[in-house]
Structures are given as C-alpha cells and as structure tokens.
Amino acid sequence: KVLQLTLAVIKPDAVAHPVILEALHQRILDNNFVIVRSKDVVWRRQDSESFYAEHSGRFFYQRLVEFMSSGPMRAYVLAREDAIHHWRALMGPTKVFRARHTSPATIRAQFGLTDTRNTTHGSDSVESAQREIRFFYPDFCAEEWMEKEEPSFRS
Ligand code: DAT
Ligand code: MG
C-alpha cells in the first residue's frame, strides 16, 4: 500500500458543536492519519456551488449548497497509506439512515443529522483528492510534500 493524501472536511453541522469537532479530530489521530494541513473556512454560496458542481440539477443540490455555506467547516489534508479509502470507511455511507443500520460505528451513523447534514466529506478517488486539495489549498504542492515526507513513513 502506498502513502496517499486525501481531503477530509468536517461539515458545519459538526463544527457548530465543539465537543463533536474535538471527538472527530481525535478520531483522525486515533486512525493513524497524519494531519498535513488543517484550517477552518466559511464558504460563500458560489464556493459551495463550484465544489459540488457535479451534483447540480439533483433534487438535493440547493439544500446541499445552502448547508455547506451556512457556517464554518474544517478542511484537513490527511496522509496515511490508502488514505482515501480509510477516511471514507470511517465516514460511513452518505445516507444517515443507511449508515446507522449498516455501519453504526461510523462517523455519519453516530453524528449525522440528515442525508444533507451528514457531518463529513471525503474525496472518493485519487483524481478528486487532487482536485479537492487544490480547491482548499491552492498553494499546497502534493508532489513536493511527498518527496520530502514519504521517506519518513517507510522507516
Ligand atoms: P458523499 O458525500 O458520500 O461523497 P455524494 O458525493 O453522493 O456523497 O453527495 C455529496 C453530498 O450531497 C452528500 O454528502 C450529502 C448530499 N446528498 C447526497 N445525496 C443526497 C440525498 N439523497 N439527499 C440529500 N442530500 C444528499
Ligand atoms: Mg462525494
């Protein structure tokens, strides 16, 4: 397994509750992710629309866009082997009802409020991770970071 970067977001529903935010931060550390970057951001509506452009036209799009620009969220760049898969596994299924019934130990099962207010985002492929990291951190150079840090993950 190779070292990988992913973008992980704690959405506004969870950032609004300091205890939940802290629990999720701790869960990241407990699952052997290295926090490469972290910041709190508030999106304008147009950031939200652009980030989720692939969903424009879906019945939940307006709801999603409004929610994602409703308050602060936390955006992490995380590193570990197979980071994309491992973060998505920790998040659980998109839909909260399904998460609660099929994977009760996941973040969305435990903290998700609705299918829209579902606590977390995670990149779903190498390509989306690159795009999403660039979206939040335009000055971050993944290649440079890998070159510098990857050797220390081997030892
Ligand atoms: P994921 O966030 O698991 O990658 P996605 O990319 O299909 O899921 O959708 C992006 C977000 O859009 C999701 O986190 C919440 C919202 N969403 C998706 N499907 C929805 C639905 N059926 N009802 C309400 N919101 C939905
Ligand atoms: Mg997605």
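**Overall fold and annotated positions**

Phe60 is partly exposed, with 13 other C-beta atoms within 10 Å; a residue is called buried if 20 or more other C-beta atoms lie within 10 Å of its own, exposed if 12 or fewer, and partly exposed in between, with C-beta atoms placed from the backbone. Phe60 sits in the loop between helix H3 (45-51) and helix H4 (61-68). Helices (H or I, at least four residues) and strands (E, at least two) are DSSP runs, numbered from the N terminus.

The model is predicted: local features need pLDDT of at least 70, side-chain atom pairs count only at pLDDT 80 or more, and totals for chains, interfaces and linings use all residues. Residues are numbered from 1 along each chain as its sequence is written, while chains are lettered from A and ligands numbered from 1 in the order in which they are written.

The protein contains 9 helices and 4 strands, arranged along the sequence in the pattern β-α-α-β-α-α-β-α-α-α-β-α-α. Its radius of gyration is 15 Å, close to the 15 Å that the globule rule gives for 155 residues, so the protein is as compact as a globular protein of that length. The radius is taken over C-alpha atoms, and the globule rule is 2.2 Å times the number of residues to the power 0.38. Along the principal axes, the C-alpha atoms fill a box of roughly 45 × 35 × 25 Å. Of the 155 residues, 30% count as buried. Among contacts with a separation of 6 or more, 67% are between residues 24 or more positions apart; two residues are in contact if their C-beta atoms, placed from the backbone, lie within 7 Å.

In the unreviewed UniProt entry, the annotation "binding site" covers Lys11, Phe60, Arg88, Thr94, Arg108 and Asn118, and the annotation "active site" covers His121. UniProt positions are given in the numbering used here, feature names are shortened, and annotations may be inferred rather than shown by experiment.

His121 lies in strand E4 (residues 120-122) and is buried, because 20 other C-beta atoms lie within 10 Å. Not counting residues up to four places away in sequence, His121 touches Val9 and Lys11; Lys11 also falls under the "binding site" annotation. Arg88 belongs to helix H5 (residues 83-91) and counts as partly exposed, with 18 C-beta neighbours inside 10 Å. With the exclusion of residues up to four places away in sequence, Arg88 touches Gly122 and Asp124.

Ala23 is located in helix H2 (residues 18-30). The C-alpha atoms of Ala23 and Ile107, 84 residues apart along the chain, are separated by 9.9 Å.
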